[in-house]
Number of protein chains: 2
Amino acid sequence: MTYTIGVDLGGTNIAAAVVRVKDAHIISKLSVPTPVADGQDAIAEAITLLVADLTKTSGIASSEIARIGIGIPGTVSHRDKTVIYACNLPFEQGYPIAYKVEQATGITTSILNDADAAAYGEYVVDETHPTPFIAITLGTGVGSGVIMDGKVVSGFNGAGGELGHTTLIMGGQECGCKRRGCWEAYASASALVRQTEEAIRQHPDSLLAHLAEKTGTINGKLPFDAAELGCSVAQKVLEQYRMYVAEGLANVVNIFQPEKIVIGGGISNQGESFVGPVREYVYQHEYNRYLSKTKIETAQLSNDAGIIGAALYAE
Amino acid sequence: MTYTIGVDLGGTNIAAAVVRVKDAHIISKLSVPTPVADGQDAIAEAITLLVADLTKTSGIASSEIARIGIGIPGTVSHRDKTVIYACNLPFEQGYPIAYKVEQATGITTSILNDADAAAYGEYVVDETHPTPFIAITLGTGVGSGVIMDGKVVSGFNGAGGELGHTTLIMGGQECGCKRRGCWEAYASASALVRQTEEAIRQHPDSLLAHLAEKTGTINGKLPFDAAELGCSVAQKVLEQYRMYVAEGLANVVNIFQPEKIVIGGGISNQGESFVGPVREYVYQHEYNRYLSKTKIETAQLSNDAGIIGAALYAE
């Protein structure tokens, strides 16, 4: 039996698990806070400790772990096993995190971008192995990973596959990447929150506004709850938001004609009531009118996609 | 010595050539009008006649022609060798054009999309074989072809790689694909003509307007000529147009991080004076700030790219 360890390195927590390769099954999972303030070596050490703890809790000796894969929220060099840039973590450009973990654990370690890891995880658990396969995550940003013939597509320098950073409205809303008008700036969960806040300001007497006041928070779920209660303001916010998501997906379809797209992140918890109208819009607006259509569905794995993808893409 | 025949089937003319495989050299080239009014079988017959004529003029017997490749302006099924949709040609959906030519000539025949053929042609003559490699043609539309590891990327159904049909301004200018705001609607040569016409209407006393009146035509070259003569109205038109082109290219870079992009079509005749500022804009606005940059250059082959690509991609 072959096992690998997948690590999902986040700005807040590091989650890791022992994964059984043959069926992508998680045997044992642990999580610790990311020691961001203690610097890059502390992060490598925290991962090393987590690996040691995992071999204990899982009862699988480190000699049985074939390899370790680390998903990193930023640009990485998969080939050189170094971090190029990760805006929420204290890594110097070129920090050899995989070698640090490899030296300390004695287990071959590789790294890849976290969105690519999540996409690969979703790909692996889809038994039909669709190709091209694309995973889109509607979260703080619009994450994306493209898998073609079983391989992550990230360009000649490893920084590609940034579908969230393509224009929806040139010169529009400022984006975290410093450009204006990116898809991410309209279709992320954060963007939905901003759109909801704006609607509340404009309609302080709406059911949406009252619900926000009652619950004390404005999050990506609020407009869905208000819309379900019949609030027309919330329904309008969501209609516009679905259009933002769908216009970007139509771009993705026109570019790749993927066999399948899965949508993950908190928003995807709304399931078919969200994805259904989005799919319909994409089918009406995409370039291809005569050939088979891209399957568009919600993601399967939720938070474990990144761990499983990192574990199984490791080389 | 191996030879193949490449056919570039256009809405106006059919051009075809005998190509020497080892160095992508055109031995002999011929062209005839496309018999659009005579229907789909007449087009297949015209290609067959052209192939026969080519073997005569080139002095290379048809037994020495390893295969024929046809580039078609529309959606094709490369696998089934049928035309799915070509808006400027009288093909029924599923018309087996490659089999018709194959039966009549006795030479194995394949088809692919014309923009993909052109991209493959440009790829083949680039001795460094960059990957991913992308060719963008700024012509009547914005054509595009993506080559990854030597293969055309066109998705699970063959209709992908339509980079011109991704949004630049959601809900904006109407596009030929019936969607609004596509890159093509802002960055094609036709769009530049429209932008120039609009500027002439707004500034009837400009040098640009006078030049248009003098020459009697408004084409994609006019604003470049007027700008060179110091016309500030033309310079503004081009500044905006370059931004449209560059914003779309920044999207392409963020998605694929191609090793190289080449720009073809009439506009690319402006050379480095056009491509230089475009490249600069892309480098300033793309997502990757730390890794190697995509090479962005003018295309090498001009009108022969499609013939050479179709000839050499033939299987």
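In β10 of chain A, A:Val152 is the bridge partner of A:Ile147. This is a predicted model. Strand β9 of chain A covers residues 142-148. Strands β9(A) and β10(A) run antiparallel and are joined by 2 bridges. They belong to an open sheet of 5 strands with mixed pairing. The order in chain A is β10-β9-β8-β11-β12. Which strands form the edges of this sheet? They are β10 (151-152) and β12 of chain A, and each pairs on one side only. Helix α9 of chain A packs on the sheet. There, α9(A) touches β8 (133-138), β11 (260-264) and β12 of chain A. The direction of α9(A) makes about 160° with that of β12(A).

Now turn to chain B and another sheet. Here 5 strands form an open sheet in the order β3-β2-β1-β4-β7, and the pairing is mixed. The edge strands in chain B are β3 (25-33) and β7 (109-113), each pairing on one side only. On average, neighbouring strands of this sheet are turned by 20° against each other, direction ignored. Strand β1 (residues 3-9) of chain B pairs with strand β4 (residues 65-72) of chain B. The sense is parallel, over 6 bridges. In this pairing, B:Ile5 stands opposite B:Ile68 in β4(B). In general, strands of a sheet pair through backbone hydrogen bonds, either parallel or antiparallel.

Two helices come next. Helix α3 (residues 114-125) of chain B packs on the sheet and touches β1, β4 and β7 of chain B. The direction of α3(B) makes about 95° with that of β7(B). Helix α10 (residues 305-313) of chain B also packs on the sheet. This helix touches β1, β2 (13-20), β3, β4 and β7 of chain B. Its direction makes about 130° with that of β1(B).

Is α10(B) enclosed or exposed? Of its 9 residues, 9 are buried, so α10(B) is largely enclosed by the rest of the structure. Among these buried residues are B:Ile307, B:Ile308, B:Leu312 and B:Tyr313. B:Gly306 and B:Gly309 are buried too.

Next, the aromatic rings. Over all chains there are 17 aromatic pairs. One of them joins A:Tyr120 and A:Tyr313. Why is this pair edge-to-face? The ring centres of A:Tyr120 and A:Tyr313 are 4.6 Å apart and the planes stand at 65°, and planes over 60 degrees apart count as edge-to-face. The pair links distant parts of the chain. A:Tyr120 is in helix α3 (residues 114-125) of chain A, while A:Tyr313 is in helix α10 (residues 305-313) of chain A. The two residues are 193 residues apart. Both A:Tyr120 and A:Tyr313 are buried. They also belong to one aromatic cluster, together with A:Tyr123 and A:Phe133.

A:Tyr290 has 39% relative accessibility and so counts as partly exposed. B:Tyr85 has 37% relative accessibility and also counts as partly exposed.

Back in chain A, look at the β5-β6 hairpin. Strand β5 (residues 75-77) and strand β6 (residues 82-85) of chain A pair in the antiparallel sense over 3 bridges. In β6(A), A:Tyr85 is the bridge partner of A:Thr75. The hairpin has 4 residues between the strands. In this hairpin, A:Lys81 takes a positive phi near 60°. A:Lys81 also lies over the face of A:Tyr99, at 5.8 Å from the ring centre. Chain B has its own contact of this kind: the charged end of B:Lys81 sits over the ring of B:Tyr99, 5.7 Å from its centre.

Finally, how are the two chains related? A rotation of 180° with 0.0 Å of shift along its axis superposes chain A on chain B, with an RMSD of 0.0 Å. The two copies are therefore related as by a two-fold rotation axis. Which C-alpha of chain A is nearest the axis? That of A:Ile169 is, at 2.2 Å from the axis.

Methods. Residues numbered from 1 in each chain as written. Chains lettered and ligands numbered in written order. Predicted model: local features only at pLDDT ≥ 70, side-chain atom pairs only at ≥ 80, totals over all residues. Heavy atoms only, no water. Phe/Tyr/Trp six-rings, centres within 6.5 Å; stacked < 30°, edge-to-face > 60°. Buried < 20%, exposed > 50% of the residue type's maximum accessible area, 1.4 Å probe, protein only. Lys NZ or Arg CZ within 6 Å of the ring centre and 35° of its normal. Least-squares fit on C-alpha atoms with pLDDT ≥ 70 in both. Pairing = 2+ DSSP bridges. Axes fitted to C-alpha atoms, helices over the stretch in contact; angles between N-to-C directions. Contact = heavy atoms within 4.5 Å.
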